[in-house]
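Welcome! Take a moment with the view below, then read on.

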Amino acid sequence: MGGEVSSLTLKSLLASISLTLMKLYAGILSGSLSVIAEFLHSALDSLTTLVTFLTVRLSMRPPDVTHPYGHRKIDSLGGLMGAVFLIITMAWVIFEALRRMINPPEIDVGILPISVMLISILVDFERSRALSRASKATGSRALEADSLHFSSDMITSLVVILGLLFVRMGLKLLDPLMGIVISLLFLRSAIRISRDALYDLTDRIDPWIMDSVRRACLSNPEVLEVQRVRARKVGNFLFADVRLRVVGSPRDLGERIAETLRRELGMDVDIVVERVEGETLEERVRRLSKGVEGVLDVHAITVSDSRGG
Ligand SMILES: [Zn+2]
């Protein structure tokens, strides 16, 4: 499956590069800002695909002496870089759009830019379908994200085509306006991507994940108390370490907790369990009496020490 995914990524990269060149040509020829914005977008898509192609290899390397938690954060770093490029590019498009509104340049929308955008939609339709199939087969979030990306790109391309048709009908101001609309759409996803990447890079974790870890620990009857939980998430991987007060010496406790979390969170889980042995005498009486039929709970336990008596 790894080879198939590689060849799919490579095909997608070639498609992005071809679209970039076509949009560059159509953008220069027509002078339309929305087509130029689309050219920049495809150029960034090519760059991002290339970065992903390289970082996936790096980030999948097993843990080593200098990176005992593995190399998955390289993936977040790649995502952050791509998002920052996107933010800078789209900021330029907005700036250029405002300049063009004040001082409108000559634009000539022929049949070429419209056909290029139609080709773009067909290419995105085809690859988002292939990526979606591959993501279902492998369970990869990265492929799923790619598939979603290209299907939302289809909508943007459609918006551009509509804008170009209106420009042809004489509504020239719509071209820079469309440029701004496209930029805002891409800015929104760039901000979301960089936020998630920054969360990963700074070890931020959602409180509900911490609660899930606590609950998964307590779902084992041998666990009396969760004394400490620490967890960090990198991509779809959860590293957690917990200190638990347990009864006796339960077997495979860590593995059982990890299994519960894997099912509940849908993530890969690596958990380290530190055990603190022991229970108070009162807890012991309570626990043992639960096994006695008819006894629901025990109240008012008094402990008298009879040693030396
Ligand atoms: Zn895109």
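**A first look**

Arg262 is partly exposed, with 27% relative accessible area. Its salt-bridge partner is Glu255, and their closest N and O atoms are 3.3 Å apart. Please keep in mind that this is a predicted model. The notes below cover its zinc site and its salt bridges.

**The zinc site**

- Four residues coordinate the zinc ion at 2.0 to 2.1 Å: His41 and His149 through NE2, and Asp45 and Asp153 through OD.
- Along the chain, the donors are spaced as H-x3-D-x103-H-x3-D.
- Asp45 belongs to helix α2 (residues 33–59) and Asp153 to helix α5 (residues 141–168), so this pair ties together parts that lie 108 residues apart in sequence.
- Asp45 and Asp153 are both buried.
- The angles among the four donor atoms run from 94 to 150°, and the site is irregular.

**Salt bridges**

- The structure has 18 salt bridges.
- One of them joins Arg215 to Glu264, with 3.1 Å between the closest N and O atoms. This pair links distant parts of the chain, helix α7 (residues 207–218) and helix α8 (residues 253–265), with the two residues 49 apart.
- Arg215 counts as partly exposed at 48% relative accessibility, and Glu264 counts as partly exposed at 42%.
- Arg228 pairs with Asp241, their closest N and O atoms being 3.0 Å apart. Here Arg228 sits in strand β1 (residues 223–234) and Asp241 in strand β2 (residues 237–246), 13 residues apart.
- Arg228 is partly exposed, at 27% relative accessible area.
- Glu255, the partner of Arg262, is partly exposed at 45%.
- Lys73, Asp203 and Arg232 form a network of salt bridges.

Terms used. Residues numbered from 1 in each chain as written. Predicted model: local features only at pLDDT ≥ 70, side-chain atom pairs only at ≥ 80, totals over all residues. Heavy atoms only, no water. Donors = N, O, S within 2.8 Å, 3.2 Å for Na, K, Ca; no water. Tetrahedral: all angles 85-135°; square planar, octahedral: opposite > 155°, others 65-115°. Helix = DSSP H or I, 4+ residues; strand = E, 2+ residues; numbered from the N terminus. Buried < 20%, exposed > 50% of the residue type's maximum accessible area, 1.4 Å probe, protein only. Salt bridge = Lys/Arg side-chain N within 4 Å of Asp/Glu carboxyl O.
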